[in-house]
Amino acid sequence: MSSVEDLLQQSLSELTERFVTQARSVPAGLLEALEADSRQGARTLARRIRALKGKNRAEGQRLRHLLRFESELWEQGHTHVAGVDEAGRGPLAGPVVAAAAILPKGWKLEGLDDSKKIADEERREELAESIKRSAVAWAVGQADAGEIDTLNIRRASLLAMHRALQALGIQPTYVLLDAFTIPECTLPQRGIIKGDALSLSIAAASVLAKTTRDRMMRELDTQYPGYGLAEHKGYPTASHVQAIRERGVLPIHRRSFGPVRECLGLAAPGPVQGELFAGNEPTAGNEPAAGNELTAGNEPT
């Protein structure tokens, strides 16, 4: 490693590239030397480096906090803890998709969070690829629109989660889920309210489920052009409802959901699909709130 004296011979732009852009390890004494430098730019650089170090510490603390459920289970001897989550409860069209992920013990990924908090689609895809490369095992499952109409959205979501677990190449020793537990699952499991924001494994599953479903909806957009599926991902935007009214209902539309039934001239079913969940589906990016017929949230387990 270069000495502090050697580093100070470099230009401030070179030091900025090394310690801010590349976020490389800062040698002892460099910050103090920059803060004592007569150049205003050097003192500004020292402040930027300190701010970056503080941000990194905060992110490290956040990730450690997100691993508290997993860490407790690892200490109990559960080597394969699976996080499970789903995406797509509220849309009018397309499947509900679930994912399961088993992360390596102590693994962290900067920026990983509940997928609904990651608004940038490209960033979600980057995180998903990192998860796939590093996970001990991961898998996805889905339930299509017909199954949603037959079973109801709650049971179809649980079915998709169960399918994701069954598709894992390794059997988990414990399962963490966002709010739910799966009745058909015989493995030890725990539903955590707002688990996708409190558990790194569930957050990883939420990102995998979201990115997988988004890709499915982009593919369906090429099969059914004119409905805007690639943009709204099947959610009940005004443009989507208008497209259904003008172009008709597709095979991928959920006929048990209010706006679709209205377009078909059908009476509202009972119970209304939205009553199968207790809260409102959180929104992010192209995911508008679903309204009374499509509410979704934390189901007591």
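Student: Which residues does Val 20 touch, not counting residues up to four places away in sequence?
Tutor: This is a predicted model, where local features need pLDDT of at least 70, side-chain atom pairs count only at pLDDT 80 or more, and totals for chains, interfaces and linings use all residues. Residues are numbered from 1 along each chain as its sequence is written, and side-chain values use heavy atoms, with hydrogens and water left out. A contact here means heavy atoms within 4.5 Å. On that basis, the partners of Val 20 are Leu 15, Leu 45, Arg 48, Ile 49 and Leu 52.

Student: Is Val 20 buried or exposed?
Tutor: Buried means under 20% relative accessible area, exposed over 50%, and partly exposed in between, using a 1.4 Å probe and protein chains only. Val 20 has a relative accessible area of 17%, so Val 20 is buried.

Student: What separates the C-alpha atoms of Val 20 and Arg 48?
Tutor: The two residues are 28 residues apart along the chain. Arg 48 is also among the residues that Val 20 touches. Their C-alpha separation is 7.3 Å.

Student: Why does Thr 211 count as buried?
Tutor: Thr 211 sits in helix α9, residues 200-223. Thr 211 counts as buried because its relative accessibility is 1%.

Student: Which backbone oxygen does the side chain of Thr 211 reach?
Tutor: A polar contact is a pair of N or O atoms within 3.5 Å; within protein, one must be able to donate a hydrogen and the other to accept it, and residues adjacent in sequence count only if both atoms are side-chain atoms. The side chain of Thr 211 makes its reach at 3.3 Å, to the backbone oxygen of Leu 208.

Student: Which residues does Thr 211 touch, not counting residues up to four places away in sequence?
Tutor: Leu 208 is reached by the side chain. With residues up to four places away left out, the list is Arg 124, Glu 125 and Ala 128.

Student: What is the mean pLDDT of the protein chain?
Tutor: pLDDT is the predictor's confidence in each residue, from 0 to 100. In this chain, 87% of residues reach 70 or more, and the mean is 85.

Methods: Helix = DSSP H or I, 4+ residues; strand = E, 2+ residues; numbered from the N terminus.
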